[in-house]
Amino acid sequence: MNIKKIMHVENLTHFYGNQIGCKGINFDLYKGEILGIVGESGSGKSTLLKCLSGEISPSAGKINISLDQGGVKDFLSLPEQEKRQLMRSMWGIVHQNPRDGLNLRISAGGNIAERLLNVSEKNYSFLRNTGKYWMKKTEMDPDRIDEFPLSFSGGMQQRLQISKILSSNPQIVFMDEPTGGLDVSVQAKILDTIKSIVRDINVTMIIVTHDLAVVRFLTDKLLVMKDGIVVETGLTDRVLDDPQHSYTQLLTSSILQV
Amino acid sequence: MKTGFNFAYLDEATKRMIRRKILKAVCIPGYQCPFGGREMPLAYGWGTGGIQVTASIIGKEDILKVIDQGADDTTNAVSIKNFFKRVCNIMTTDKTAEASLIQTRHRIPETTLNKDQIIVYQVPQPEPLRKLEPKEKETRKLHAYKEYALMHVKLYEEISQFGSVIKTWAYPVETNNRYITDPTPIPKFDNPKMNNMEALQLFGAGREKRIYAIPPYTKVKSLDFEDHPFEIQTWDECCSICGSTKSYLDEIIINNEGKKNFICSDTDFCKSNLEKNK
Amino acid sequence: MKIIELKNVNKKFILHNQKGTVLNVLKNINLEIKTGECIALVGKSGIGKSTFLKMLYGNYLPSSGEINIYNNNKINIANSLEHQIINLRKYFIGYVSQFLRVLPRVPTIEIVSDTLKQQSLFDEHSLIKIKKLLSELNIQESMWNLSPLTFSGGEQQRVNLAKTLIGNYSILLLDEPTASLDDMNKSIIIDMIKSKLKKNVTIIVIVHDNKIRNEICTREINLEKYIPNDN
C-alpha cells in the first residue's frame with residue numbers, strides 16, 4: 001500500500017494579537033483522504049482552514065505540500081504567484097456562501113470556464129462541453145449553462161460552485177461549511193452529490209463544519225477542535241462512536257435524536 | 001512661434017521625465033508605466049496623454065499629422081495640430097506618408113507605416129481589465145502574474161450569448177506573448193496592423209497617467225479561441241467617394257428617409273485613392 | 001496461519017461528562033484467530049461482544065494492547081494511520097452491524113453495488129450478480145430501486161448483509177446477522193455463511209441461536225473470562 005502523503009502540517013499556530021486563533025496543529029493528509037475539521041463556533045476551525053488554504057499567513061508552524069508535479073514544497077514560503085496559481089487550479093475552496101466563490105456578473109458556464117482558463121484551455125467548445133459535463137455531474141440542468149448565478153436557488157448556486165472548483169480536476173478541495181446555509185432536504189441532496197463525486201474522482205478534501213452528520217457521511221478522519229487546539233483526532237466513525245476526550249463526548253452526546 | 005512658452009509647451013524637466021517613461025515602456029512592451037502627467041491646456045478626454053507624449057518626443061524637423069477617427073479635418077485633430085504649430089513652429093501635414101510623427105484618436109491610418117515614423121495613440125482607459133476587475137491593486141497583480149482568465153471569460157460570455165465575439169473596438173491584444181494590452185478604441189479592423197508594425201507605437205493616457213508602448217516589429221495578437229478565431233469587420237459596400245473595398249468604412253445617414261452612404265474613415269487615404277483612380 | 005491476533009487488549013470507557021465514571025469492559029485479552037476459522041462470540045448480554053467486534057473493525061479504540069491483522073504485512077488496528085485502516089476496510093475486513101446505516105435516498109441496488117465499486121470489482125456482470133444475491137435474500141425486485149430506510153427490520157438486515165456479502169473480504173465480522181429474520185431467511189443466511197467459509201474466509205460472529213452456532217462455527221470464544229474482576 002503506497003498512498004502518497006500530500007500535506008504535512010506541523011505545529012501550525014496563528015494568533016490574532018494576543019488571542020489564539022489555532023495552536024500547535026499537527027496532521028498528515030494522504031491522497032484521496034477526506035479530512036473533517038469539527039468544533040463549535042470560535043474553536044479555530046475556520047482560522048485553521050484559512051491558514052491551510054493560504055488565505056492568511058500563520059504566526060508559526062510548517063505546511064509541506066507534495067504536488068503531482070514538482071515534489072515536496074514548503075507551502076508557507078512559496079511566492080505569492082505560485083500560491084495564487086495553486087488556488088486557481090490545483091487547489092480549490094468551496095465557500096459556505098456560494099456568492100463568495102462565484103462571479104455573479106458572469107453566466108454559470110462562464111464561471112466554470114474561468115477556472116479552466118486558468119489552466120489555459122483556449123478552446124470554446126471544450127469549455128462549453130466541460131461546463132455542461134460538470135453541471136450534469138452535480139445534478140444541474142446543463143441547459144441552464146447560460147443563466148446567471150442569481151437566477152439559481154441557493155442549493156443550485158452551491159452546486160455551481162462545486163462544479164466550478166472540480167472542473168479543473170483539483171488535487172485538494174477545501175470546503176467551508178458547504179451545506180451551511182441550506183435547508184435540510186437540499187443539504188442531503190448536496191451531500192449525496194459530493195459523496196458520489198468523491199467516489200468517482202478520488203479527490204482529496206478538507207471539510208470544515210460543525211455538523212456531525214456531514215462529517216459522518218463524507219469524511220474519513222476527523223480533527224476535533226476546541227479553543228484553538230485539536231483535542232481529538234482519528235478515524236471518523238471511531239471518534240464519533242467511541243469518543244475519548246470529554247469535549248468530543250459532550251459534542252456527540254449533544255446531537256438531538258429525530 | 002508663440003513666445004512665453006518652452007518649445008513644445010512642456011518644460012524640459014517634464015519632457016525628460018516622460019521620455020524616460022517612454023524608454024521604460026519600450027523596454028517592457030505592453031506594460032503600463034505610471035508617469036507624472038501634467039495639466040495641459042485642454043480637458044481630460046481630449047487627448048492630454050497623447051499630447052504630452054507627442055510634446056516630449058517632437059523635434060524641430062518633425063512633420064506632424066493628427067487624426068481623429070481617421071479624419072484630418074475634425075475639431076480635435078485641427079486643434080491639436082494648431083497647438084503644436086504655435087508652440088513648436090513645426091510643419092504639419094495631412095499625408096500619412098509624409099508625416100514623421102502621427103498622433104491619433106481611434107484609428108490607425110490605412111497607409112502602412114514605416115520604420116521612420118512614430119504613431120502616438122490617445123488613450124481614454126489604459127487598463128484592459130478595468131471593467132472586469134475594479135481594483136487597481138488586483139489588476140496589477142493579474143498583469144504581474146499573467147492571470148488573464150477573466151479576459152477570455154469575457155469573450156466566452158459574448159460567444160455564448162451572441163454566437164460570436166461582439167466587441168468591435170478596443171479589442172484586447174496580447175503584446176509580445178506577455179501583457180494583455182488595450183489597443184485604445186480603434187476598430188478591431190485595425191488590430192492586425194499593430195502586429196509587426198515597422199513604426200514605434202506609443203500610448204499616452206492623460207487622466208489615468210499611464211504610458212505604454214509597442215516597439216517596432218513586435219508580435220501583437222488579438223485574443224481569441226482556437227475554434228472561434230479573431231476576425232475583422234467586412235462590408236458588402238465600397239466607399240461611395242473613392243470606391244475602395246479595402247478600407248474601414250463609416251456609415252453615414254444622408255437624408256431624413258434614412259438613406260445610408262459608406263465612406264472611408266481615413267480621409268487622406270480616400271483622397272489619394274480618388275486621385276489615383278482619376 | 002494466524003490472521004488476527006490480540007495482545008493484552010483492555011477496553012474501558014471513561015464517561016467524562018458523567019462524573020468521570022469508568023466502565024471497565026474487557027481486560028487482558030490474548031488470543032489468535034486462524035485463517036478460515038468461524039468464531040462465535042459468546043457471553044451474556046452486555047458483556048462486550050459488540051465492543052469486541054467493533055475493536056476488531058477499528059470502530060472502537062482499545063484502551064491498551066495490540067490488535068494485529070495479518071494482511072500481507074502486519075497492521076495494528078489500534079495504532080495505525082487512518083488511511084491504512086480505511087484501506088483494510090475497503091478490501092480486507094467486512095463488518096455487518098446490527099442496524100443498517102446508509103445515506104438517505106440512495107437506492108438499495110446502488111448501496112450493494114457500491115461495495116464492488118469500492119473494491120474495484122464492478123464490471124458488466126456485477127449487476128446480474130447483485131440481482132441474484134438480492135433475490136436469494138428474498139428482497140423483491142420492486143424494492144431494488146428504493147432506499148432501504150423505509151423497509152421492515154428484517155429487510156433492512158438482509159440489505160445490510162447483502163451489502164457486505166457481495167464483497168470479496170478475507171475477514172467478516174457479523175453482529176447478530178440473523179437476529180430479526182424468520183426461519184426460512186435464517187437458513188438462507190446460514191448457507192451463505194457456509195459458502196464464504198468454503199472460500200476460506202475468516203468469520204467472527206455474534207449469534208445467540210445455539211443451533212446456528214453449532215452448524216457453522218468451528219470455535220467459541222467466551223468473553224466471560226475477560227471480565228475485569230473489579231466489575
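Which side chain is joined to that of A:Q161 by a polar contact of 2.6 Å? The partner is A:Q158, where a polar contact is a pair of N or O atoms within 3.5 Å (within protein, one must be able to donate a hydrogen and the other to accept it, and residues adjacent in sequence count only if both atoms are side-chain atoms).

Before going further, the ground rules: this is a predicted model, in which local features need pLDDT of at least 70 and side-chain atom pairs count only at pLDDT 80 or more, while totals for chains, interfaces and linings use all residues. Residues are numbered from 1 along each chain as its sequence is written, chains are lettered from A and ligands numbered from 1 in the order in which they are written, and side-chain values use heavy atoms, with hydrogens and water left out.

A:Q161 sits in helix 6 of chain A, residues 154–167; helices (H or I, at least four residues) and strands (E, at least two) are DSSP runs, numbered from the N terminus. With a relative accessible area of 1%, A:Q161 is buried, a label that means under 20% relative accessible area, with exposed over 50% and partly exposed in between (1.4 Å probe, protein chains only). A polar atom of the A:Q161 side chain also lies 2.7 Å from the backbone nitrogen of A:H95. Setting aside neighbours within four places in sequence, A:Q161 is in contact (heavy atoms within 4.5 Å) with A:I93, A:V94, A:H95, A:N97, A:P98, A:G101 and A:L102.

Now take A:P98 from that list. A:P98 belongs to helix 3 of chain A, residues 98–101, and is buried at a relative accessible area of 9%. Apart from residues up to four places away in sequence, A:P98 touches A:G154, A:Q157, A:Q158 and A:Q161. Then there's A:G181: 83 residues separate it from A:P98 along the chain, yet their C-alpha atoms are 9.5 Å apart.

As for whole chains, 2 pairs are in contact, and chains A and B share the most contacts. Chain B and chain C are joined by no contact, and their closest C-alpha atoms lie 36 Å apart.

**A buried glutamine in chain B**

B:Q122 is in strand 5 of chain B, residues 118–122, and counts as buried at 6% relative accessibility. Its side chain makes a polar contact of 3.5 Å with that of B:N76. Residues touching B:Q122, leaving out those up to four places away in sequence, include B:W46, B:I80, B:R105, B:T184 and B:G204.

Two packed helices are described by the angle between their axes and the distance between the axes. Here axes are lines fitted to C-alpha atoms, for helices over the stretch in contact, and angles run from 0 to 180 degrees between N-to-C directions.

Helix 3 of chain C (residues 108–118) and helix 4 of chain C (residues 126–136) have axes that come within 10 Å and cross at roughly 120°. That makes helix 3 of chain C oblique to helix 4 of chain C: angles under 35 degrees count as roughly parallel, over 145 as roughly antiparallel, 65 to 115 as roughly perpendicular and the rest as oblique. On the helix 3 side of chain C, C:T108, C:I109, C:V112, C:S113 and C:L116 meet C:S126, C:L127, C:I130, C:K131 and C:L134 of helix 4. By class, the residues of this contact come to 6 nonpolar, 3 polar and 1 charged; Ala, Val, Leu, Ile, Met, Phe, Trp, Tyr, Cys and Pro count as nonpolar, Asp, Glu, Lys and Arg as charged, and the others, Gly among them, as polar.

Helix 3 of chain C also packs with helix 5 of chain C (residues 153–165), at an angle of about 30° and with axes 7 Å apart, so the two are roughly parallel to each other. The residues that meet are C:T108, C:I111, C:V112 and C:T115 from helix 3 of chain C and C:V159, C:A162 and C:K163 from helix 5 of chain C.
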